[in-house]
Amino acid sequence: MISHAPILAILLPLFAAFLMPVIGILSRRRGIKRAREWFAIAVVLAEFAVVASMLPAVWGGQVLVYQLGGWQPPWGVNLAIDGLNLLVALIVAGIGTLVMIYSFVYMERDTGLDQYYTLFLLIVAGMMGVALTGDIFNLYVFFEIMCISSYALVAFRRKWQSIEASIKYMIVSSLGTSFILLGIALLYGLVGSLNIADLAQKLGQVSPSAVIVPLALFVTGLGIKIAVVPLHMWMPDAYQAAPSAVAALFSGATATVGIYAMVRVVYTLFGAFAIGIMLAALGLVTMVIGALMALAQRDLKRLLAYSGISQVGYVLLGIGLGTVLGIQGGLFHLFNNAIYKTMLFMIAGAIIYRVGTSNMDQLGGLWKNMPVTATLFVVGALAISGVPPFNGFASKWMIYVAGIEAGQPVFTIIALITSALTLAYFLKALNSIFLGQRPKHLSDVKETPLPMMFPIMLLAVLCVVFGVLPQLGIDIVRPAQEAVMNSGGYISAVLGGA
Amino acid sequence: MISESVLFGRGFWGPIIATAAMLLIAAVGGLILLGGRRLTKAKPSAGKLKTYACGEELEASDIHADSEQFFSPIRRVFRPFYRYIRPAHSGDLSTYLFWVVVGLIIILISIALVIGVG
Amino acid sequence: MDFNYVIAMLLVALGLYCLLLKRNLIKLIIGLVVLTDGIHLFLISLGYRSGGAAAIVSGEMFSDLPGFAAQAVDPIPQALVLTSIVINICILALALSLTIYAYRHYGTLDPSKLRRLKE
């Protein structure tokens, strides 16, 4: 492990973000082309290496506790990394790297790329901070860094739709984050601490009825970020209007971070395994409504956004069941969802890059022009619908079995029907975009450029690998599942030094 | 070492065997397709290539399935749901905020019911 | 003392009312700011002590730390509120600049007219 790796993982993108304008100016003065892009890619690659360097220790069962400024918890702010934190950090760093490589070509026609890369690295820094911190207020601050940068990135192209989507996203999401702040204030008033482990220990002695309001505020605030029905309406607007690279980052990484925060707060901080059944019910409603709305969409990115909402429902269902298999399945699905959802948004971006629209009524017959892209889209669509031998099948099946074993066969049946709906709307997308009659003006559309194709292909390979060898994926998520179930270990590891 | 098959709870799934079987079947299907041969010579003409629509003249763009019509039967099955879901997605910011507050109240009540007041 | 909490919750309720019922983007943003300010007031009241000393230890105070702790205010809520105010200024600035753009594109500030993205 690199020494100081936990803090390095946060500081690296944060400092790089503020260096980015300087590098932009320098590269223009000196006439160096693409300096910003290469620098950004180098930073995220280094970030990935830093996160990966923590893997052996954490998978060995250790909880890394990094005390900022040498202050003992609960007095000082600390970073605490167990299996769950590391899984999320790994997803964030991996997706961040791939989307950055994708942006290299995808964003080349835009101006103001200094700001784009600055905001992008700020989002990565914010997500990494949320994923690694062990302090609830620190989590809120990093959450806000992530949110504010994402409002700005949604509005990046400043067209009417981006402005409208950004305003909606901003007001709804700010309301959510103020709920979180109110929840933190109530918790501080209740037990007088901000450290997650210390809070968890002290909340064990408080009467359960006192935590109802803060818990509800947290669940609602974080639910807005991960788009739980009925708090999800901002998400399709934002994803449709944002540049596809940004949408890919949001759907892959930001949603993952939101679910991480939800799991950490509900299971570790409040120790409220009892409300898992409520999370599962919310997940069911989310997956059904997401799938039904996706079926009615005309725009590919909007369809993908609704399907993202629907997939988050599966994750919540698995995690909410609270059994070993359920949590493993839920986290495995979270991991898989990050893979194929990012990939599908990248394909949508490739279509926009070549054709200029993602409206499915104006597309058709692109199979002849973009055979590789079309094949990759089929892989992604089959993976997300849970068709073997792709990775979506493995995690969905774990969730189905977990539902039956937990004595909730109705949940499993609803999840199965939703899976069929998922396949239905992806068949519709496939038919409208790649099959059928090709409009005349699309006859000279070219294949996706190679630098954009590379991350998509890599993700497609991952889809197949984790589908054929699901044990590999389960080995990756098992430390995270053990961390979720073992909040006592987390608390004693953080407070052990005090 | 990764085991060849994985037990998920009560179920059993041998991903490698299943994938091999799927590839095999696909190969067999491909072979059958290759084995077929055309007996008469192909004589394409403009009239034959045209999509038949009861003799009506149609533009290529009209033949393309509109995404609104695609799966309209399925959507008809779920119409009762759509009647309630669609108005909520009006695009109006006030509706979004209204549902956020409703969501907060629902979550508050259900948590109170699960944990128990008092 | 309890008066603070009543006012804080009143501010939160007012902010929510404004967010739910007003039909002007600027008013929505004002509502958001009022709501967060209510939370700030709540947070700062948690650490408030009538007639308390500032929580800065210097000079001869080091000799009597327990006595100092007995009359100092709680510094943590102040730090939290300070951080939160900075964050909310960022949101406010971004929201207002987006509102300017929205007015340029749509010619109105009515959020119910900003609904070209729907369903």
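Reader: Which hand does the crossing of H14(A) and H16(A) have?
Author: The crossing of H14(A) and H16(A) is left-handed; a crossing is left-handed if the near helix is turned anticlockwise from the far one by less than a right angle, and right-handed if clockwise. Helices here are DSSP runs of H or I with at least four residues, numbered from the N terminus. One caution: this is a predicted model, where local features need pLDDT of at least 70, side-chain atom pairs count only at pLDDT 80 or more, and totals for chains, interfaces and linings use all residues. Residues are numbered from 1 along each chain as its sequence is written, and chains are lettered from A and ligands numbered from 1 in the order in which they are written.

Reader: Thanks! At what angle do the axes of H14(A) and H16(A) cross?
Author: Roughly 155°, and the axes come within 8 Å. Axes are lines fitted to C-alpha atoms, for helices over the stretch in contact, and angles run from 0 to 180 degrees between N-to-C directions. H14(A) and H16(A) are therefore roughly antiparallel (under 35 degrees counts as roughly parallel, over 145 as roughly antiparallel, 65 to 115 as roughly perpendicular and the rest as oblique).

Reader: And which residues of H14(A) and H16(A) meet?
Author: Among them are Gly329(A), Gly330(A) and His333(A) in H14(A), and Ala394(A), Ser395(A) and Glu405(A) in H16(A). Contact requires C-beta atoms, placed from the backbone, within 7 Å. By class, this contact has nine nonpolar, nine polar and two charged residues. Ala, Val, Leu, Ile, Met, Phe, Trp, Tyr, Cys and Pro count as nonpolar, Asp, Glu, Lys and Arg as charged, and the others, Gly among them, as polar.

Reader: Now H13(A) and H17(A): how far apart are their axes?
Author: Their axes are 11 Å apart, at an angle of about 160°. That makes H13(A) roughly antiparallel to H17(A), and their crossing is left-handed. The contact includes Ser307(A) and Tyr314(A) of H13(A), with Thr418(A) and Tyr425(A) of H17(A). Its classes are nine nonpolar, four polar and no charged residues.

Reader: New topic: how many residues of H4(A) are buried?
Author: 24 of the 24, so H4(A) is largely enclosed by the rest of the structure. Buried takes 20 or more other C-beta atoms within 10 Å of a residue's own, exposed 12 or fewer, and partly exposed is in between, with C-beta atoms placed from the backbone. H4(A) covers residues 83–106 and reaches 34 Å from first C-alpha to last, close to the 34 Å expected (1.5 Å times one less than its number of residues).

Reader: Is Gly183(A) buried or exposed?
Author: Gly183(A) is buried, because 25 other C-beta atoms lie within 10 Å. Gly183(A) sits in H7(A), residues 160–191. Not counting residues up to four places away in sequence, Gly183(A) touches Pro214(A), Leu217(A), Phe218(A) and Gly221(A).

Reader: What about Ala53(B), buried or exposed?
Author: Ala53(B) is exposed, with 10 other C-beta atoms within 10 Å. Ala53(B) is in the loop between H2 and H3 of chain B.

Reader: Last one: how many residues of chain A are in contact with chain B?
Author: 52 residues of chain A are in contact with 48 of chain B. On the chain A side, H9(A) gives the largest share, eight residues. That side has 37 nonpolar, ten polar and five charged residues.

Key: Helices (H or I, at least four residues) and strands (E, at least two) are DSSP runs, numbered from the N terminus. Two residues are in contact if their C-beta atoms, placed from the backbone, lie within 7 Å.
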